[in-house]
Each structure stands twice: as structure tokens, then as C-alpha cells.
Amino acid sequence: MILTVTLNAALDVTYQVPDADWDGVNRVSAVHRRAGGKGVNVARVLAALGREVVVAGLAGGPTGQAIRADLDAAGLPSALTPISGDSRTTLVVHSGTTALFNEPGPEVTPAELDRFLSDFLELAKRAEVVVVSGSLPRGVPSDFYATLADLSEVPTIVDADGEPLRHAPKGRPTIVKPNKDELARAFPEGGAQALIARGAGSVVVSMGEDGLHAITPEGTFRARMPYRVEGNPTGAGDALVAGLALGLADGSPWPERLRRAAALGAAAVAAPVAGEFDRDVFDAIHPQIVIA
């Protein structure tokens with residue numbers, strides 16, 4: 001089982017808006033509402049690839065109930081620790097370009113966080129890989145992802161931004177996966193090597209259409225994309241992380257691990273909503289990705 005952790009779970013709302021007028025009234029051509037948050041998106045991709053997953057995290061209030069109901073409807077097993085605050089909603093407006101609006105999320109109490117930690121430790125005993133990703137709700141210490149990585153006894157991936165990313169290496173995670181902008185903000189000097197120096201086992205930096213850069217125990221690699229895939233980039237990084245988690249679970253060599261991860265990320269761009277990927281795009285681009 002692969003365990004994904006989404007502490008700031010959300011109800012994701014995606015609006016398709018042709019030719020959006022940001023100063024006027026817009027007509028929405030299509031609406032998608034579903035449970036989201038980065039770890040949930042990772043779990044959706046893994047489940048679509050036939051892997052057993054469990055979604056852990058925090059959920060509360062009416063929005064939390066909607067998140068649980070959607071996970072149940074999708075057949076995604078979940079073990080979300082209940083909290084008193086209402087979970088957040090995110091809004092994506094896709095109109096040629098993509099705008100993302102993220103609510104901050106609920107306030108989490110120390111007692112609720114302790115309950116989550118107890119739940120996590122029990123779930124992690126059954127996991128072969130743990131994925132910890134996304135933002136932290138209010139009340140959660142900025143080094144909490146490092147704590148989870150340190151307590152996990154199986155390979156762990158951390159995908160975070162800001163202070164959680166800066167602290168993540170202290171937990172000695174197997175892989176840290178920032179994108180290039182997140183890495184530049186958190187470590188303006190040193191970059192990926194700074195994460196390695198502070199304790200990360202490997203670092204995989206996603207660079208959009210420019211592919212991936214990875215520093216690993218097997219060497220340093222670049223995954224170069226053969227062409228640009230047009231679409232909605234929201235969730236592409238989560239599909240990429242799903243590919244890395246598969247590589248850890250299967251024990252595949254780093255070059256193949258990176259090729260599959262990059263192909264899943266590209267295929268996710270071609271899908272309308274986060275947590276999905278276009279299988280035809282994956283099949284077409286996977287063999288063309290060059291690892292050097």
C-alpha cells in the first residue's frame with residue numbers, strides 16, 4: 001500500500017472559462033468539483049495505475065464531509081482524521097492560461113494534530129511508501145513534514161513549498177520534490193545541493209516543459225521532454241510524484257523512474273482536472289523522453 005498524506009485537504013473546483021474577462025462577467029462552460037489537495041491527486045493517479053492507496057490527512061466541517069463523500073464515490077480508501085474546523089475550497093480558472101486560488105485552510109488544534117499523528121503511525125506500519133505533500137493548515141508546525149519523514153520507517157517523499165520545504169531535509173526523507181520556483185524561493189543559494197547537504201536522500205526538481213533535474217545516489221540526471229504538452233498544468237507535479245512513488249515501491253532504477261514520472265506529469269497537463277492523466281499522451285511521450 002502507498003500512503004499519501006494531505007494535511008490541508010480541499011474541495012477542488014475547476015472552472016473552464018473560454019476567453020475569461022478578468023474585469024467583467026464570465027460564463028463558465030464546464031465545472032468540476034472533487035476532493036483535492038496534492039496527496040489526494042497523487043492517490044488518484046496511483047489508483048488509476050492499479051496501485052493500492054490510502055488517503056490520510058485532516059478533514060472537517062461541511063467541506064470535509066464533501067471531501068469524504070467524493071473519495072468514497074471515487075473508490076479511494078481514506079483515513080482522514082476529523083477536525084472541528086471547516087476544510088478549504090480551492091478554485092482553478094482555466095482559460096488558455098490557468099489561475100489558482102487557494103484558501104488558507106482551517107485552524108488545527110494541538111489535540112487534533114496529536115490524533116492525526118497517532119493515526120499516521122498506525123497507517124505507516126502497513127505502507128511500502130509514504131508521500132507527504134501540499135500546504136500546511138494553520139496551527140501545524142512548519143517542520144511537521146520533517147517529523148513525519150523521520151517517524152516513517154519506509155521510503156518517504158516530501159513535496160512542499162516555503163518553510164515546510166526548508167525544514168523537510170531534517171527528517172531525512174528519501175526524496176524531496178520541489179519545482180524550480182519553490183527551490184529558488186527556499187534555497188536561493190545552494191539549490192538542490194543544499195537539500196542534499198541538509199539530509200535529503202535524493203532531490204528531484206520539476207521544471208515544467210524543461211523536464212526534470214535529479215540528484216540521486218545513482219548519479220545526477222536530466223529528463224528532457226521531446227515536446228511541449230498544452231493544457232492545464234494544475235496537478236502535473238502530483239502525477240510526477242506518483243511516478244516517483246511507483247519507482248520507490250518497485251525498486252526501479254533511477255533513469256526509468258524519472259522517465260515514467262516525467263511522462264505522467266506531461267500526461268496530467270493534457271487532462272482537464274488535477275488527479276487525472278491522459279493515457280494516450282503518456283504512451284506517446286514516455287519512450288521519447290531522454291535521460292542524460
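**Reading a predicted model, question by question**

Student: What makes α3 roughly parallel to α4?

Tutor: Angles under 35 degrees count as roughly parallel. The angle here is about 30°, so α3 is called roughly parallel to α4. As for handedness, α3 passes α4 in a right-handed crossing.

Student: Which residues of α3 and α4 make the contact?

Tutor: From α3 come Leu113, Phe116, Leu117, Phe120 and Leu121, and from α4 come Phe144, Leu148 and Leu151.

Student: Let's step back to the whole protein. How many helices and strands does the protein have?

Tutor: The protein has 10 helices and 14 strands. Its C-alpha trace spans about 45 × 45 × 40 Å along the principal axes.

Student: How do you know that the radius of gyration agrees with a compact globule?

Tutor: For 292 residues, a compact globule would have a radius of gyration near 19 Å. The protein has 18 Å, so the value agrees with that expectation.

Student: What share of the residues is buried?

Tutor: Buried residues make up 54% of the 292 residues; to be called buried, a residue needs a relative accessible area under 20%. On contacts, 65% of those with a separation of 6 or more are between residues 24 or more positions apart.

Student: Now for single residues. Why is aspartate 19 called exposed?

Tutor: Exposed means over 50% relative accessible area. Aspartate 19 has 74%, so it is exposed. You can find aspartate 19 in the loop between β2 (10–16) and β3 (30–36).

Student: What is the phi of aspartate 19?

Tutor: Aspartate 19 has a positive phi of about 50°, although it is not a glycine. That deserves a remark because most residues other than glycine have a negative phi.

Student: What makes arginine 172 count as exposed?

Tutor: The cut-off is again over 50%. Arginine 172 has 61% relative accessibility, and therefore counts as exposed. Arginine 172 sits in the loop between α5 (162–167) and β10 (175–176). Its phi is positive, about 55°, and arginine 172 is not a glycine either.

Terms used: Residues numbered from 1 in each chain as written. Predicted model: local features only at pLDDT ≥ 70, side-chain atom pairs only at ≥ 80, totals over all residues. Heavy atoms only, no water. Axes fitted to C-alpha atoms, helices over the stretch in contact; angles between N-to-C directions. Helix = DSSP H or I, 4+ residues; strand = E, 2+ residues; numbered from the N terminus. Parallel < 35°, antiparallel > 145°, perpendicular 65-115°, else oblique. Left-handed = near helix turned anticlockwise from the far one by under 90°. Contact = heavy atoms within 4.5 Å. Rg over C-alpha atoms; globule rule 2.2 N^0.38 Å. Buried < 20%, exposed > 50% of the residue type's maximum accessible area, 1.4 Å probe, protein only.
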